[in-house]
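Me: I am new to this structure. Please walk me through it in short steps.

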Amino acid sequence: MSAERGAATNTLQSYERDLEDARSFLTERSVRLVEATADDLRAYLAHLARQGFAASSQARRLSALRQFFKFLYGEGLRGDDPTGILDAPRKGRPLPKTLSVEDVGRLIARAEAEAAEPGDTLLQRRRMHLLVELLYATGLRVSELVSLPASVLAQTGRFLVVKGKGNKERLVPLSRAAVAALETYGEALAADIGDDPAAGAFLFPAKSKEGHLPRQVFARDLKALAGRAGIRASALSPHVLRHAFASHLLQNGADLRAVQELLGHSDISTTQIYTHVLEERLHQLVQTHHPLAKQAKKPD
């Protein structure tokens, strides 16, 4: 996972803990993890259920086991994969929180209005306007957004090259509004930092350990902006705006695969949390265009 998939340290540690937990359970049954059968693993999952683990936690443990035994099989260390016939624990998948198009419009309008006001905090206000425009235009992860390099300011096109999870690069388009916000923010930033080379590494420099705006600070300031825009602050976070980006694209006819690419999901199953949007759009499509639906609407 580290060498081939570029998994993050936290991900590696999480998988290690899950496998160690399964190994401990199987050791008590005098079974080595690498020799476990499907029945042994079913017993482990049943043990987790008796311990009160949520279905989502059980599914995560099973995912770690699937990766492990898939690796063993692929390397020729086992002749079978015992997880191949195991059913994942049933779990209700909550729909992602999102915002309406109208609420996003109000949020951006408020940020834009504040960015146009004169005053000592001009850079911070233009920064917030750009952050909101970029997030809704691209659907970036908040960690990808706040760590964008300063070289973005020098680009002339309407696309960003983003380095996401596993150091995978993807191309995301920018809206005209985001490009305009980038230009006005760049002017304010240049006036603030001047020729200081230490301040020029990131698009959103800050005196933090990372050298860029911390995502927690952005999340806090976003909630404050929401309150000023008349939007319930508890309903908004950077991740909610990312969900709004995806949901609104699908509502307006975008393909699920295209949204997967834009979000940087390596697996289409991750993007499928938005299928409720597609189902609603398909229902409306059938009701509007299907001949039998049209006949049903005709008066007797």
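This is a predicted model: local features need pLDDT of at least 70, side-chain atom pairs count only at pLDDT 80 or more; totals for chains, interfaces and linings use all residues.

Me: How many residues does helix H8 have, and how far does H8 reach from its first C-alpha to its last?
Reply: H8 covers residues 215-228, which makes 14 residues. At 1.5 Å a residue, 20 Å is expected. The reach is close to that, at 20 Å.

Me: Where do the buried residues of H8 fall, seen down its axis?
Reply: The buried residues of H8 are Phe218, Leu222, Leu225 and Ala226. Seen down the axis, they fall within an arc of 100 degrees, so they line one face of the helix. In general, an α-helix has 3.6 residues a turn, so residues three or four places apart point the same way. For H8, the answer is an arc of 100 degrees.

Me: Which exposed residues sit on the face of H8 turned away from its buried side?
Reply: The buried side is covered by parts that include helix H4 (101-115), helix H5 (122-138), helix H6 (142-146) and helix H9 (238-251). The face turned away from that side carries two exposed residues, Gln216 and Arg220.

Me: Which residue just after H7 takes a positive phi?
Reply: H7 has 18 residues and reaches 26 Å, close to the 26 Å expected at 1.5 Å a residue. Just after H7 comes a residue with a positive phi of about 60 degrees. That residue is Gly194.

Me: Is Gly186 buried or exposed?
Reply: Gly186 is in helix H7, residues 176-193. Buried means under 20% relative accessible area. Gly186 has 15%, so Gly186 is buried.

Me: How many residues apart in sequence are the parts tied together by Phe25 and Tyr44?
Reply: The structure holds three aromatic pairs. One of them is Phe25 with Tyr44, a tilted pair with 5.5 Å centre to centre and 50 degrees between the planes. Phe25 lies in helix H1 (residues 9-28) and Tyr44 in helix H2 (residues 38-50), so the pair ties together parts whose separation in sequence is 19 residues.

Me: Why does the pair of Tyr185 and Phe204 count as tilted?
Reply: Planes under 30 degrees apart count as stacked, over 60 as edge-to-face and the rest as tilted. The ring centres of Tyr185 and Phe204 are 5.5 Å apart and the planes are at 45 degrees, so the pair is tilted.

Me: Which side chain makes a polar contact with the side chain of Arg170?
Reply: Arg170 is found in strand S2, residues 169-173. With a relative accessible area of 11%, Arg170 is buried. The residues Arg170 touches include Leu140, Arg141, Glu144 and Arg242. The polar contact, at 2.7 Å, is with the side chain of Glu144.

Me: Where is His265?
Reply: An unreviewed UniProt entry lists Arg141, Lys165, His239, Arg242, His265 and Tyr274 for "active site". Arg242 lies in helix H9 and is buried at 4% relative accessibility. His265 also counts as buried, at 14%. The place of His265 is the loop between helix H10 (256-263) and helix H11 (268-271).

How values were computed
Residues are numbered from 1 along each chain as its sequence is written. Side-chain values use heavy atoms; hydrogens and water are left out. Helices (H or I, at least four residues) and strands (E, at least two) are DSSP runs, numbered from the N terminus. Buried means under 20% relative accessible area, exposed over 50%, partly exposed in between (1.4 Å probe, protein chains only). A polar contact is a pair of N or O atoms within 3.5 Å; within protein, one must be able to donate a hydrogen and the other to accept it, and residues adjacent in sequence count only if both atoms are side-chain atoms. Contact means heavy atoms within 4.5 Å. The expected span of a helix is 1.5 Å times one less than its number of residues. The arc is that of the directions from the helix axis to the C-beta atoms. UniProt positions are given in the numbering used here, feature names are shortened, and annotations may be inferred rather than shown by experiment. Rings of Phe, Tyr and Trp (its six-membered ring) pair if their centres lie within 6.5 Å; planes under 30 degrees apart count as stacked, over 60 as edge-to-face and the rest as tilted.
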